[in-house]
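Let's take a walk through a protein model, one piece at a time.

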Amino acid sequence: MEMFTLKDVIFQYPDGKNNALNSLSLTIEEGEFVAVCGPSGCGKTTFLRLLKREIAPYGSLSGEILYRGKPLYEWEEQRLIEEIGFIFQDPEMQIIMEDVFQEIVFGMENLGLSSLEMRKRTAELVHTFGYEHLLHKKASELSGGQKQILNLLSVLLLKPKVLLLDEPTSQFDPIMAKDLLLLLERLNKELGMTIVIVEHRLEDLFNRADRMIMMDEGKIVYDGRSREVIHSVFQHNDHCFMPYLPSLSLFYLETEKSPDTNNIPLSVKECRKWLSSKRYDFSILDKNKEEQGLKRVENLVVQLEEVYFQYEKDQPMTLRHLSLHINEGDFFGIVGGNGSGKTTLLKVCLGILKPQRGKVKVFGQKYSKKTSEDLYKKIAYLPQNPVAYFVHDTIEKELIEIGKKHNKENIRERANELLEEFGIGHIRGRHPNDCSGGEIQKAALACLLMEEPEILFMDEPTKGLDPISKNRLASILGRLHQNGLTIVIVTHDIEFAAKHLSKCAIMFDGSIAAVGTPEHLFKGNYFYTTMISRATQNNIIPEALTLEEALQLWEKSKVLSF
């Protein structure tokens, strides 16, 4: 049965100059697992929200949207609420109640389910999710990933036939992201639930989705099975979508003389099987290769010694026995699981939170009434939810007012440069609340750079960014780093960290477990590493951390087929 049918759907926002969707036509069959990707602002979220009538965006709509063969607007509201579940990108948007348990039962109560039915459903799914220990917590005490799981649990308790998800893994560490995708795969295969997911983290998704849809400028550019879409993008050398392809597939396509669509690897297992069919001679490689990179004079700019922090007296320590040194000119990343204390650590470095014990110094000074004002002139901070950063009604006005506040010269010219550099010139007159997650992330960073800080702190800066935007961000941050800016980021994006950072720290249980270069920290790991690293941990070829490194090793070696 056809679950959704869209026929020549055109949609334009009230203040939009261009259509958000352009003559979009497609059919989604019952039980399909469909993944949708594309550049920020290409219409993915608009398309997804139009399938959920209660949250459909306001604007001009033409064409037909059918659900199970009948126009969407003809269905009874309660039926659609039960049958079509939606998970937002920002979990804060979906949580209504103060307590976790109240949030879980809120939807069922509103649908008028009996107490017996509510207890039965809750017991089953709470146990399945392993959520018992969080039932009596405040929703505000949960991490971003835990809040997203809470939203998913609340929706699944309504027993939907369709699950729509808008970048659900953006709040998750690599392990939680894999767990969520495994859960969605189970819901799809074991329960036959139709799943439509919009995502930017695609490495694990190509292997799980039945169908990949790639969008641009409100249109479908590619649509088909994963291997077919990958091969088509590669054959066309489509630079707009090449960064979306999985690194394992690209490794195969870039090195195999006669690639076969059916043999394109989508998983570590498939990639290892392909690699095992080859023989290699890596004896010409220099085994004593020295570390590459600029040698910088060490000058401590952030110093934490034996820091302990807890939010409430009756709660366990969020940070414990934590010591960390960050030098001038570092491009430093902090990685770790959800709830390990990464964001708390960042806020302690910024003086937002004051530890109960330990020493915190920035530029050699402790935070105090006398020093804070001078320190904050040197520091910029991009929070995890940057929309709260904005106080003016347009992006351009925000940039200009920041320039005035900091007494900068050539303010309008500098604002234009930053807008163009981040590729967001088209949203200069838009209200921040009308921007996509990726657009608001880039706009907030542009505003911070208007201040010309000496050290830049960022919490999940790649969250919500498509691969092209992520590469652009990496290029901008790379230039700033080369010009001497110290950058400290908290991130779940191991691929980004491995490719671009100069130094990393892994957090575990509120303290720093290890510090080193990405190569030292990520190589040899099971999960906190890249897909390429997992595929090359087979003693057949030297382990590589990134696709670029794997291709360089390949080029330098002599590859012989059996």
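Predicted model: local features only at pLDDT ≥ 70, side-chain atom pairs only at ≥ 80, totals over all residues.

Residues are numbered from 1 along each chain as its sequence is written, and side-chain values use heavy atoms, with hydrogens and water left out.

Start with the open sheet of three strands, ordered 13-12-15 with antiparallel pairing. Strands are DSSP runs of E with at least two residues, helices are runs of H or I with at least four, and both are numbered from the N terminus. Two strands pair if DSSP finds at least two bridges between them. Strand 13 (319–327) and strand 15 (357–362) each have a single partner strand, so one side of each has no neighbour in the sheet. Strand 12 (300–309) joins strand 13 over six bridges, and Val307 sits opposite Leu322 of strand 13.

Now find the open sheet of six strands, in the order 16-17-18-14-19-20, where the pairing is mixed. Its edges are strand 16 (379–382) and strand 20 (511–516). Strand 17 (455–459) and strand 18 (486–490) run parallel, joined by five bridges; there, Leu456 has Ile487 as its bridge partner.

Finally, look at Tyr526, in the loop between helix 17 (518–522) and helix 18 (531–535). Is Tyr526 buried or exposed? Tyr526 is exposed, because its relative accessible area is 69% (buried is under 20%, exposed over 50%, partly exposed in between, using a 1.4 Å probe and protein chains only).
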